Amino acid sequence: MTQAVVSANAPALAISDLRKVYDNGVQALKGVSLEVAPGDFFALLGPNGAGKSTLIGIVSSLVNKSAGEVEVFGVNLSRHRDDALRLIGLVPQEINFNMFEKPLDILVNYAGFYGVPRAEALVRAEEELKRAQLWDKAQMMSRTLSGGMKRRLMIARAMMTRPRLLILDEPTAGVDIEIRRGMWKTLKDINAAGTTIILTTHYLEEAESLCRNLAIIDHGIIVEQGPMRSLLAKLDVEGFLFDIDGDLPAQLPGIEGAVLLAQDSHTLDLDMPRAMDLNRVFDALNQAGIRVRSMRTKSNRLEELFVRMTGNSDASKEQAA
Ligand SMILES: Nc1ncnc2c1ncn2[C@@H]1O[C@H](COP(=O)(O)OP(=O)(O)OP(=O)(O)O)[C@@H](O)[C@H]1O
Ligand SMILES: [Mg+2]
């Protein structure tokens with residue numbers, strides 16, 4: 001067996017033409033390629049069923065790929081599975097530690113499983129529990145921890161093997177904003193100390209506040225990839241829905257710089273640059289004899305982005321329905 005060489009210059013994660021067809025015929029990944037630089041904080045964004053967990057499952061060797069290649073710091077996952085996995089820490093979406101164990105034991109036993117000597121594991125556990133603000137809970141039954149503490153314990157556990165790449169699958173799903181912020185801080189600290197982080201999330205806000213680069217995946221395809229900053233520039237459009245009194249005229253007024261569409265016989269859908277003056281819109285509607293009863297902003301920005309990036313996504317079907 002040849003020895004895998006961890007390369008200092010290689011991407012933290014390099015995926016090429018990754019495909020996954022599940023036994024039931026579902027094509028969860030249809031040729032995904034992406035690269036994550038060492039030290040990066042990278043978000044994998046996508047709606048339900050996009051293929052995020054499948055991708056993470058393959059990288060962490062819990063799911064068998066159908067085709068494609070995965071390298072972790074230059075170590076090929078197929079050829080040097082154990083060496084590649086040693087570089088990765090995984091925080092799965094579901095809480096999966098034993099609730100009847102104490103945090104300290106959970107951490108030390110986990111490290112032991114990966115061959116970390118007990119004395120060293122104890123030192124690391126203290127460090128990680130302190131970082132997770134759980135040191136005072138080290139000897140309590142894990143069952144008694146709050147939801148947010150349990151999530152932090154999951155991260156602390158993944159850090160016990162000193163992974164160079166930390167992968168989190170929706171680490172903040174279902175936790176309130178205060179706990180989420182606390183976890184963001186922890187993750188920023190971990191990243192600042194040199195660990196490359198990849199996380200999946202539904203929340204654009206989360207990606208926005210944490211990540212430098214991101215990929216958007218939809219129906220098993222990467223539809224957008226690049227720096228967070230350039231993506232946000234594309235989001236410089238605001239969307240509104242107007243509820244209209246009475247019926248709409250056959251011909252809608254044109255508004256320069258904006259896109260106005262009839263969603264149904266008494267709802268208008270408007271996309272306009274953020275800097276544009278809404279008064280211009282109301283003037284045009286007034287002149288066309290259209291009376292607006294109420295208005296609301298269109299769903300969340302990420303959802304809007306999906307619609308624009310994918311064109312035929314579920315979200316756009318729902319909007320058209
Ligand atoms: N074990 C499996 N067997 C068959 N199909 C599966 C399996 N796991 C996932 N799928 C399907 O593969 C597709 C991608 O699922 P995946 O869990 O990777 O999406 P996801 O992006 O993680 O979604 P979510 O945001 O809901 O967690 C979906 O259509 C899903 O139904
Ligand atoms: Mg998932």
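Residues are numbered from 1 along each chain as its sequence is written, while chains are lettered from A and ligands numbered from 1 in the order in which they are written. Because the model is predicted, local features need pLDDT of at least 70 and side-chain atom pairs count only at pLDDT 80 or more, whereas totals for chains, interfaces and linings use all residues.

The protein contains 11 helices and 14 strands; these are DSSP runs numbered from the N terminus, with at least four residues (H or I) for a helix and at least two (E) for a strand. Along the principal axes, the C-alpha atoms fill a box of roughly 80 × 45 × 35 Å. Of the 321 residues, 36% count as buried. Here, a buried residue has 20 or more other C-beta atoms within 10 Å of its own, an exposed one has 12 or fewer, and a partly exposed one falls in between, with C-beta atoms placed from the backbone. Among contacts between residues at least 6 apart in sequence, 68% join residues at least 24 apart, a contact being two C-beta atoms, placed from the backbone, within 7 Å. The domain assignment gives domain 1 (13–226) and domain 2 (235–320), with bounds that come from an automatic or database assignment. The C-alpha centres of the two domains lie 39 Å apart.

One open sheet has four strands in the order S2-S1-S4-S5, with antiparallel pairing. Its edge strands, S2 (27–36) and S5 (75–76), each pair on one side only. Two strands are said to pair if DSSP finds at least two bridges between them; S1 (residues 13–21) and S2 are joined by seven, in the antiparallel sense. Along this pairing, Ala14 stands opposite Glu35 and Arg19 stands opposite Lys30. The hairpin of S1 and S2 has five residues between the strands, and Gly25 there takes a positive phi near 95 degrees.

Six of the eight residues of H1 (residues 52–59) are buried, so the helix is largely enclosed by the rest of the structure. The buried residues are Lys52, Thr54, Leu55, Ile56, Ile58 and Val59. Just after H1, Ser61 takes a positive phi of about 65 degrees.

The residues around ligand 1 are Tyr22, Asn24, Val26, Ala28, Gly46, Asn48, Gly49, Ala50, Gly51, Lys52, Ser53 and Thr54; each has its C-beta atom, placed from the backbone, within 6 Å of the ligand. The shell divides into four nonpolar, seven polar and one charged. In this scheme Ala, Val, Leu, Ile, Met, Phe, Trp, Tyr, Cys and Pro are nonpolar, Asp, Glu, Lys and Arg are charged, and the others, Gly among them, are polar.

A second open sheet, of mixed pairing, has six strands in the order S6-S7-S8-S3-S9-S10. Its edge strands are S6 (88–91) and S10 (221–227), each of which pairs on one side only. S6 and S7 (residues 165–169) run parallel and are joined by four bridges, and Gly89 has Leu166 in S7 as its bridge partner. Helix H5 (residues 147–159) lies across S6 and S7, running at about 165 degrees to S6. Such angles run from 0 to 180 degrees between N-to-C directions, the axes being lines fitted to C-alpha atoms, for helices over the stretch in contact.
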